[in-house]
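The sequence and the model come next.

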Amino acid sequence: FMNQMKYLRDSKRYNSFNDDRIGYPYHMPSHDLKPGWYSGMAQGLAVSVLIRYFDLTGDSSIFPLITKVNNFMIHPQEDGGTLTKTPEGYIWIEEYAKSKSYALVLNGFYNSVIGLYEYCRLFPDDKKAKHIYDKCIETIKETHKYFDNGSWVLYHRGGSRKNCNIGYMKVQVLEMKQLYELTGDDFFKY
C-alpha cells in the first residue's frame, strides 16, 4: 500500500493542469484511445486510495493531492477532464474519456461516483463536488434503464453496445450494494 502511495505522490506519474487539477494518464492504447488518455474511474479509485492513506496515517499533507485528483475527475471532458453528459443531458464521469466506441461505461461510472462520495465526506464544504455528486446519483437513477436490454445489462452505451460479462455483472451488483450502504437509498438495494 505504501509503495502505491509513493507512486501516486510521484509527480512524474501524473500531469498537472492549472495548478488545481492532476490527472493520471494511461500509457497504453485502449479501444479507440491512444496512450495518454484519462479515466474517470482511475481518478475515482485514486481518490479512494488517497483517502484511505489519510485514514490510516492521519497525514493531512495529502489533502491537496486528493483535491486536485478529484478536480480533474469532475472537470469537463471537452476541456481535458472526464466529466461529460449522457444523450439525455445527465452528467456522467467517463471511464474512457473521449472514447467513441466505449462511451458511458456503467461500472466505471459507479466507481467514480463512489470515489466522489468519499471525497465529499472528507471535504463537506466543497459545494461544487457535492453538487456533481448529487447529480451523479440522479444520473444513476434516471439512466439505469438504458443499460437494461430485457435479459441482461449493457457494459456501455457507446458504438457497439455489448452485454457485460458475468464478472462485470457481479461487480455491478457489488457496486449497487456499496452505493446502498453509503447512501441508504433503497433504489440501490432493489
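## Pockets

The largest pocket holds about 200 Å³ of space. The model is a predicted one, in which local features need pLDDT of at least 70 and side-chain atom pairs count only at pLDDT 80 or more, while totals for chains, interfaces and linings use all residues. Residues are numbered from 1 along each chain as its sequence is written, and side-chain values use heavy atoms, with hydrogens and water left out.

A pocket is an open set of points on a 1 Å grid over the protein atoms alone, where a 1.4 Å probe fits and protein lies on both sides within 12 Å along at least five of seven lines; lining residues have an atom within 4 Å of a point. Grid points are joined across faces, edges and corners, and the volume is the space filled by probe spheres set on the points.

The lining of the largest pocket includes Gln4, Tyr7, Arg13, Tyr26 and Val49. Helix H1 (2–9) and helix H2 (40–57) are the elements that give two or more residues to this lining, and H2 provides the largest share, five residues. Helices are DSSP runs of H or I with at least four residues, strands are runs of E with at least two, and both are numbered from the N terminus.

The second largest pocket has Leu106, Tyr110, His144 and Lys189 among its lining residues. At least two lining residues each come from helix H4 (106–122), helix H6 (166–183) and helix H7 (186–189).

H4 has 17 residues and spans 25 Å from its first C-alpha to its last, close to the expected 24 Å; the expected span is 1.5 Å times one less than the number of residues. Of its 17 residues, 15 are buried, so H4 is largely enclosed by the rest of the structure. Buried means under 20% relative accessible area, exposed over 50%, and partly exposed in between, with a 1.4 Å probe and protein chains only.

There are 16 aromatic pairs in the structure. Rings of Phe, Tyr and Trp (its six-membered ring) pair if their centres lie within 6.5 Å, and planes under 30 degrees apart count as stacked, over 60 as edge-to-face and the rest as tilted. Trp92 and Phe109 are stacked, at 4.0 Å centre to centre with 15° between the planes. Trp92 belongs to strand S4 (residues 91–93) and Phe109 to helix H4, so this pair ties together parts 17 residues apart in sequence. Both Trp92 and Phe109 are buried.

The pair of Tyr117 and Tyr133 is tilted, because the ring centres are 5.7 Å apart and the planes stand at 50°. Tyr117 is in helix H4 and Tyr133 in helix H5 (residues 127–143), 16 residues apart.

## Two loop residues

Ring pairs also join Tyr26, Trp37, Tyr96, Tyr102, Tyr155 and Tyr168 into a cluster. Trp37 sits in the loop between strand S2 (21–23) and H2 and counts as buried at 7% relative accessibility. Beyond residues up to four places away in sequence, Trp37 touches residues including Tyr24, Met28 and Glu95, where contact means heavy atoms within 4.5 Å.

His75 lies in the loop between helix H3 (63–73) and strand S3 (83–85). His75 counts as buried, at 12% relative accessibility. Apart from neighbours within four places in sequence, His75 is in contact with Arg21, Gly81, Thr82 and Leu83.
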